[in-house]
Amino acid sequence: MTIEPLNIPTPDLIKPRRALLSVFDKQCLIPFAQELQSFDIELVSSGGTASHLREAGLEVTDVAEVTKSPSILGGRVKTLHPAIHGGILARPGVESDLDDLTTHGIAPFELVIVNLYPFEDVVKHPDVNDSLAVENIDIGGPAMIRAAAKNFAFVTVVPSPNDYQMILEVLQKSNGHLPLTLRRQLALAAFKKTATYDHAIATYLDADTDDPLPKEIHLHVPRTDVLRYGENPHQNAALYGNQQDFYTKLHGKDLSYNNLIDLDAAIELISEFSDADPTVAILKHTNPCGVSSAESLLTAWHQAFETDTQSPFGGITVMNQACTLALANAIDNIFMELIIAPSFESDALEFLKLKKNRRLIQFKLDTLTQYKIRNVLGGLLYQTTDTAADDDPMTVVTARHPTKSELKDLSFAWRVAKHVKSNAIVYAKNQQTLGIGAGQMSRVDASEIAVSKGKKSGLNFDGCVVASDAFFPFPDGLIAAADSGAVAAIQPGGSIRDTEVISAADERAIAMVFTRKRHFRH
């Protein structure tokens with residue numbers, strides 16, 4: 001059974017005569033309300049909002065005067081009353097509605113200004129508990145917003161302080177009227193607002209300390225930008241989310257789809273080195289071309305670039321400390337699509353801005369997302385973010401133990417390997433990558449590519465270490481690494497042929513550690 005609509009004319013312009021105001025976020029409320037009164041709009045309000053308006057000298061009718069009922073239950077029930085919701089939902093073109101208003105002495109509202117308790121902000125606090133969370137679940141606010149949005153044919157809902165200026169400009173241009181197009185637009189925004197709010201509450205209540213994954217996924221993510229195209233020019237694409245919490249573009253053209261994918265990979269990689277020595281990574285198509293930690297960012301840049309001098313053109317540079325002018329000058333010798341840093345020294349920023357095609361990104365360290373989502377046919381894959389590779393334990397499984405410097409290099413290479421597409425092989429020495437092999441079907445092939453790249457740059461692999469993102473399934477991968485000059489290796493272990501691999505390492509006096517944790521990256 002469906003409810004049939006009434007054939008009611010919908011006016012294009014509505015002149016607000018009475019406004020209901022009930023807000024938690026009071027920014028810009030006073031000047032907005034003052035302007036509303038200049039259009040002869042009566043203000044009706046309750047609780048803290050009414051007190052706030054009166055303190056500014058505004059004339060306000062209290063909700064309790066309208067409902068003839070006091071606020072009860074410590075303020076939990078104020079606006080949930082027919083005198084309020086009847087005034088919001090009444091349809092001027094329906095005779096029975098008008099009769100009800102007359103019978104019960106209810107005056108209509110043409111403007112409803114409401115925003116909600118800050119539930120989402122409250123539950124982000126690490127010390128939040130159910131009592132605090134529940135008290136910040138707004139009931140009356142969503143009810144008024146939804147009622148006004150439902151009746152957008154006759155009522156304008158204003159669900160955010162960001163809408164105030166727009167409302168005033170339209171009132172000024174339209175001689176105190178608000179058009180249907182605006183009312184409908186704000187109704188859409190209002191329903192999105194309440195849907196997002198309810199989603200946040202459901203997500204909080206659905207949280208289970210014994211189950212890190214939600215039982216259902218409800219995505220309510222605002223569109224923040226329409227991109228020129230997707231991965232390829234014939235694909236449409238848009239950006240959704242809250243990127244402002246993670247990074248800021250300081251200069252350059254808008255970020256493309258591929259820029260955003262690379263940016264994500266770069267920030268994830270450098271986050272492994274948030275507390276390390278000055279570190280620079282150069283990436284191309286989400287894979288690191290070279291990474292180095294050194295006594296300065298400038299030295300780290302040169303060493304990272306040495307790993308692969310051919311691939312970085314048009315790539316991405318990311319660092320874990322403020323970008324200096326010396327580093328900016330070095331980077332300037334090659335075209336980089338993105339330069340990413342936690343901050344830029346003023347002279348470095350001024351210099352780098354001289355090239356308009358270069359994007360400069362400032363990011364926040366230690367702000368990685370908790371989950372990763374990927375679409376597959378018929379659904380989504382949802383997983384917790386891969387933990388920091390530096391936290392993985394190392395167990396020596398060979399007769400020879402790695403030296404202190406080898407252990408340091410093994411940890412370095414392991415952190416890099418985590419961010420290389422599988423199969424991944426990383427050679428490193430003195431906190432510098434010598435060769436990186438990415439995305440090969442065979443681990444031996446990945447090793448050969450890594451060595452080939454390093455050799456092209458004239459790098460010496462003697463005495464280096466090697467990292468493999470997953471176990472060596474056969475001894476051949478380790479033997480290839482040893483033949484290339486590796487003296488120590490780090491890998492997860494777990495192959496049925498681990499004993500053979502360990503024996504091959506012992507025969508060549510290679511020190512090898514197992515992490516018992518792999519870092520596949522598909």
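I count a residue as buried when its relative accessible area is under 20%, as exposed when it is over 50%, and as partly exposed in between. The model is a predicted one.

**Entry 1: the whole chain**

I started with burial. Of the 522 residues in the chain, 46% are buried. I then looked up the secondary structure and found 18 helices and 23 strands. The radius of gyration of the chain is 31 Å, whereas a compact globule of 522 residues would have one near 24 Å. I also took the extent of the C-alpha trace, which spans about 100 × 50 × 45 Å along its principal axes. For contacts between residues at least 6 apart in sequence, I noted that 58% join residues at least 24 apart.

**Entry 2: salt bridges**

Side chains of opposite charge can pair when their charged atoms come close. I found 16 salt bridges in the structure, and I looked up three of them.

I took D264 and K372 to begin with; their closest N and O atoms are 3.3 Å apart. This pair links distant parts of the chain, since D264 sits in helix α11 (residues 257-271) and K372 in strand β16 (residues 371-376), 108 residues apart. D264 is partly exposed because its relative accessibility is 40%. K372, at 25%, is also partly exposed.

Next I checked K453 and D308, whose closest N and O atoms are 3.1 Å apart. Are the two partners buried or partly exposed? K453 has a relative accessible area of 28% and is therefore partly exposed. D308 is at 7%, so I put it down as buried.

D332 is in the loop between α13 (325-331) and β14 (336-341), and R358 is in the loop between α14 (346-352) and β15 (359-363), so the bridge joins parts 26 residues apart in sequence. R358 is buried because its relative accessibility is 3%.

I also noted a network: D264, E268, K372 and R521 are joined by salt bridges that share partners.

**Entry 3: a pocket**

I looked at the second largest pocket, which has a volume of about 510 Å³. Which residues lie nearest its centre? They are G75, R76, K78, Y117 and D138, out of 26 residues in the lining. The lining is made up of ten nonpolar, eleven polar and five charged residues. The helices α2 (47-55), α7 (130-135) and α8 (140-150) each give at least two residues to this lining.

**Entry 4: backbone exceptions**

Most residues other than glycine have a negative phi, and most peptide bonds are trans. I went through some exceptions.

The peptide bond joining S422 and N423 is cis, with omega about -5°. N423 is in the loop between α15 (404-417) and β19 (425-429).

C28 is not a glycine, yet its phi is positive, at about 65°. I located C28 in the loop between β2 (18-22) and α1 (29-38). Its relative accessibility is 47%, so C28 counts as partly exposed.

N175 likewise has a positive phi, near 55°, and is a residue other than glycine. N175 lies in the loop between α9 (164-173) and β7 (178-179). With a relative accessible area of 62%, N175 is exposed.

Terms used. Residues numbered from 1 in each chain as written. Predicted model: local features only at pLDDT ≥ 70, side-chain atom pairs only at ≥ 80, totals over all residues. Heavy atoms only, no water. 1 Å grid on protein atoms, 1.4 Å probe; cavity = no way out; pocket = protein on both sides within 12 Å on 5 of 7 lines; lining within 4 Å. Points joined across faces, edges and corners; volume = space filled by probe spheres on them. Helix = DSSP H or I, 4+ residues; strand = E, 2+ residues; numbered from the N terminus. Nonpolar A, V, L, I, M, F, W, Y, C, P; charged D, E, K, R; others polar. Salt bridge = Lys/Arg side-chain N within 4 Å of Asp/Glu carboxyl O. Buried < 20%, exposed > 50% of the residue type's maximum accessible area, 1.4 Å probe, protein only. Rg over C-alpha atoms; globule rule 2.2 N^0.38 Å. Contact = heavy atoms within 4.5 Å.
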